[in-house]
Amino acid sequence: MTSDFVTKRPHKKSRAGCQTCKTKKVKCDEVQPKCGFCEKRSLTCVYTKTTRQSPSTGQIPSPQPAEDGSNPSSPHSGDEFDDVPGFWDLVTIPRSTLNTALGNLSPLDLRMMHHWSTATWNTLAVGSENSSIMLMHVPQLAFENDFLLNCILGISSLHTEYLKPSAPDNALQKRQTAIYRVKALNGFRESLTSLTRDSAGANPLSWEAALIMAILLIILCHKDHETGDAEDELSILKWLVLYRGLASIFGVKGYKEVFKTGVYPIFRREIKILYTTPVIPRHLLKLVEEISPMEPDFECLESYCKFLDALSTLYACLQQFGNGDELWVRTISLPSYGTQQFCNVSREKRPRPLIILAHFLVFLKLVNGLWWLDGMSDKEIKGIAEIVGEEWAPYMQIPLAATRMSSKQEIIRMLLS
């Protein structure tokens with residue numbers, strides 16, 4: 001009688017077969033170093049010893065690689081993975097880092113960079129366009145130029161000091177700010193040497209970074225007015241020096257090239273056209289009219305008048321536009337009108353240029369939203385009054401009156417009266 005069922009031919013299970021055959025659930029002929037199934041299909045053939053613990057050591061034996069040196073296949077491997085050399089090799093996971101001109105940033109650097117991008121960027125310049133440049137374009141330039149990166153890290157550290165003056169680690173923060181400042185200045189000097197040596201072949205991005213660096217140094221280096229040291233140079237005099245340095249950087253490629261850079265809006269001296277006739281207080285006009293040809297100041301008369309002309313536009317701007325962005329942009333950029341001669345005699349602390357600067361500082365007190373200007377005007381004006389002495393007191397009445405006013409509207413009424 002014939003059976004309705006075909007009996008399956010008995011076969012011996014392969015318990016010592018290769019890992020590939022076990023994975024594919026086929027009978028392995030156990031030929032080593034490469035079984036017939038793997039040889040025919042050009043697959044990686046790997047034999048493993050039993051996973052039972054060794055009675056002598058109690059350890060699980062490691063997989064034994066095949067002749068080609070490959071590691072054992074994963075239990076979930078397929079032909080497409082098995083055929084890739086080294087697919088199952090163990091590799092080191094790369095550490096996530098931020099590569100910059102300084103190399104990998106330290107944890108403190110990263111903290112200051114985070115503070116810049118979340119709190120500092122929109123407190124440095126006037127206007128949303130300039131603030132967006134500080135957020136996006138300046139860090140991009142900084143990652144390629146170490147002097148600029150140290151500068152923005154230093155400003156971020158300085159801002160941290162300002163926000164947390166009573167923090168237990170404030171002294172440590174001040175030291176870190178000083179370190180960033182020194183590194184920024186040293187790197188900037190080296191960069192300027194190479195820029196001026198080869199002005200024609202200067203890297204446009206390095207030149208652009210130098211431009212913005214010259215402006216940011218005003219913040220990084222002038223914020224010393226809280227030290228209380230009477231021997232410190234007036235911050236406004238540092239402004240004059242730094243603006244003269246900016247003029248020399250402009251000279252590397254020419255002012256017209258600035259218009260082609262991504263940081264151009266930062267360097268605008270005005271936003272709108274001024275139609276109001278510039279005016280100047282009568283006592284300031286008298287200050288220069290009374291200069292005798294025999295006085296040393298006589299040779300500086302042209303420089304004094306040029307700065308007074310620029311100052312007169314602030315009075316006209318206040319009349320036409322009121323207290324806002326237009327006035328603030330013109331105010332912050334006003335020291336750029338100071339000639340080298342005006343800068344030199346101001347640093348000599350001659351009374352006339354200091355009195356003119358004191359009147360400028362009154363307008364600086366009207367600027368809103370810039371933490372790095374807080375408290376500067378009052379201290380500088382009082383410092384100037386102390387330097388020029390009682391002889392020049394009548395010319396200092398308006399600036400000194402402004403130091404006693406906390407209301408900006410009150411200051412405006414006094415300036416326009």
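User: Buried or exposed: which is Cys38?
Analyst: A heads-up: this is a predicted model, where local features need pLDDT of at least 70, side-chain atom pairs count only at pLDDT 80 or more, and totals for chains, interfaces and linings use all residues. Residues are numbered from 1 along each chain as its sequence is written, and side-chain values use heavy atoms, with hydrogens and water left out. The labels go by relative accessible area: buried is under 20%, exposed is over 50%, and partly exposed is in between (1.4 Å probe, protein chains only). Cys38 has a value of 0%, so it counts as buried.

User: How many disulfides does the structure hold?
Analyst: To count, two cysteine sulfur atoms must lie within 2.5 Å. Cys38 isn't in one either, with the nearest cysteine sulfur, in Cys35, 3.5 Å away. The total is 0.

User: Which loop holds Ser42?
Analyst: Ser42 isn't a glycine, yet its phi is positive, about 55°. At 55% relative accessibility, Ser42 is exposed. Glu30 also has a positive phi, about 60°, but at 35% it is partly exposed. As for the place of Ser42, look at the loop between α2 and α3 (79-82).

User: How many residues of α13 are buried?
Analyst: This helix is mostly covered. The buried ones include Trp328, Val329 and Ile332, along with the charged Glu326 and Arg330. Among the elements covering them are α9, α12 (301-321) and α15 (351-364). The count for α13 is 8 of its 9 residues.

User: How much space lies in the largest pocket?
Analyst: Picture a 1 Å grid over the protein atoms alone: a cavity is a set of points where a 1.4 Å probe fits but cannot get out, while a pocket is an open set with protein on both sides within 12 Å along at least five of seven lines, and lining residues have an atom within 4 Å of a point. Points join across faces, edges and corners, and the volume is the space filled by probe spheres set on them. That gives about 550 Å³.

User: Which element gives the most residues to that pocket's lining?
Analyst: There are 31 lining residues, and those closest to the centre are Tyr243, Ile266, Phe267, Arg268 and Ser333. Elements giving two or more include α5 (128-142), α8 (204-222) and α13 (325-333). The top giver, with 6 residues, is α9.

User: How many lining residues are nonpolar?
Analyst: Ala, Val, Leu, Ile, Met, Phe, Trp, Tyr, Cys and Pro count as nonpolar, Asp, Glu, Lys and Arg as charged, and the others, Gly among them, as polar. The lining has 5 polar and 5 charged residues. The nonpolar ones number 21.

Terms used: Helix = DSSP H or I, 4+ residues; strand = E, 2+ residues; numbered from the N terminus. Contact = heavy atoms within 4.5 Å.
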